[in-house]
Amino acid sequence: MLAVTDAELGELRTRLAGTRWPAPWPVAGWAAGTDPVELRRLVAHWASGYDWRAHEAAINALPHRVADIAGTPVHYLRFDGEAPDALPIVLTNGWPSSFLELTGFAQRLATPSKHGGSAADSFTVIVPSLPGFAFSPQRPSLADPVQTHELWHLLMREELGFTRYAAHGGDLGAGITSRLAEAHPDALAGIHLMAVAGPVAYDDESLTAQERAYLDSVATWSAQEGAYQHQQSTRPVTLAYGLADSPAGLLAWILEKYRAWSDCGGDVSSRFSDDFLLTQASLYWFTNTISTSFRPYYEYRENLTRRVERVEVPTAVALFPADLAQPPRSWAERTYNVTRYTTMPRGGHFAAYEEPELLAGDVTEFFRELR
């Protein structure tokens, strides 16, 4: 899939070495944004110590496929389950993630016997790349009537022949998974989510104290941490010019999120290796997809993405303590048929990478009765 030329690799290293750093601020660490000391260290490693070719080879060794779905090329990974009757499942990532972040989690689901589980619990795992993320090109028109959840259904049902399947998602992937289940309840055995869509409407007087506290926490988070979302929703192209031109700027933009949204206690290196973070940034850089990864935010704000109203298929909600929101079960039940609700002891927004064992265990337990 990847064939980065020596010239492209050399240009990246030249840009990194020639980074024009901003004038320093009289604040320390992460107080006003990405820590300049940490960023300079990672940029230096990216420019000279990081072995892209080794990671490129590892990425290319994964089970890649590409399908034409309703005129849209869709890249995906396929991990066949070790049992002949393995339940198919489609996994959808969020932002600023990629298919690569889900591979270890996917392998646990496909071959549980290699991780202390039973082959009878295996899944055949499909991990598509969202349109505009890495190897799936973004659709050229905002008016494309085939939304991502419909691409996934066509991929699973028409391309791969799965008449019944499961789905999991977090962040953007939770919304896609929810719309998939709402639109095709006959095909979905159930869905497993790390985030939920709020109800389209509700009576304020019906809110419980726990729900009120949750909505207050969402408002506080949005005011303190939501600037990225507002920018990506309202003026994504303006932001994209800088991030598509400066690898240091691109890294700063996503590094901040890996630290703030993970269960790392402020030390991003306690959860993610330098090479993992730089490989994620390299995927965005070499495929030039940071700009196109913003499209879901803009499309949602512009009412081009259908809102979730009611999901009737069995739904599991797994909440990781360092993730962006912690909706109470009663709030999720306003929109979903919640049959399993789990609060995890650790982990964050990137749980598939941070805590693959916990996440795989919860998915396995939920779907064991739905196969």
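Predicted model: local features only at pLDDT ≥ 70, side-chain atom pairs only at ≥ 80, totals over all residues.
Me: How many residues of domain 1 and domain 2 does the contact take?
Reply: The contact takes 31 residues from domain 1 and 32 residues from domain 2. To be in contact, heavy atoms have to be within 4.5 Å.

Me: What is the area buried between domain 1 and domain 2?
Reply: About 2,800 Å², with 60% of that given by carbon and sulfur atoms. The size of an interface is often given as the accessible area lost when the parts come together. On the domain 1 side, W261, R271 and R295 supply 22% of what domain 1 buries against domain 2, more than any other three residues.

Me: Why is R271 with E355 called a salt bridge?
Reply: The rule wants a Lys or Arg side-chain nitrogen within 4 Å of an Asp or Glu carboxyl oxygen. R271 and E355 come in at 2.9 Å, N to O, so the pair qualifies. Across the interface of domain 1 and domain 2 the rule finds 2 salt bridges. Polar contacts between the two domains come to 20 residue pairs, both residues at pLDDT 80 or more.

Me: Which helices supply the side of domain 1 that touches domain 2?
Reply: α3 (52-60), α8 (227-234), α10 (247-260), α11 (274-287) and α12 (295-301) each supply at least two residues. By type, that side of domain 1 divides into 17 nonpolar, 8 polar and 6 charged residues.

Me: How do you know that W95 and W261 are an aromatic pair, and what makes it edge-to-face?
Reply: Ring centres have to lie within 6.5 Å, and planes over 60 degrees apart count as edge-to-face. W95 and W261 sit at 6.4 Å centre to centre with 65° between the planes, so they pass on both counts. A search of the whole structure finds 21 aromatic pairs.

Me: Where in the chain do W95 and W261 sit?
Reply: W95 is in the loop between β3 (87-92) and α4 (103-110), while W261 is in the loop between α10 and α11, 166 residues apart. W95 is also joined to P96 by a cis peptide bond, with omega about 0°. P96 lies in that β3 to α4 loop too.

Me: What makes D121 and R368 a salt bridge?
Reply: Their side chains meet at 2.7 Å, N to O, and the cut-off is 4 Å, so they count. D121 is in the loop between α4 and β4 (123-128) and R368 is in helix α15 (residues 356-368), 247 residues apart. The whole structure has 22 salt bridges.

Terms used. Residues numbered from 1 in each chain as written. Heavy atoms only, no water. Buried area = accessible area lost by both parts, 1.4 Å probe. Polar contact = N/O pair within 3.5 Å; in protein donor to acceptor, adjacent residues only side chain to side chain. Helix = DSSP H or I, 4+ residues; strand = E, 2+ residues; numbered from the N terminus. Nonpolar A, V, L, I, M, F, W, Y, C, P; charged D, E, K, R; others polar. Phe/Tyr/Trp six-rings, centres within 6.5 Å; stacked < 30°, edge-to-face > 60°.
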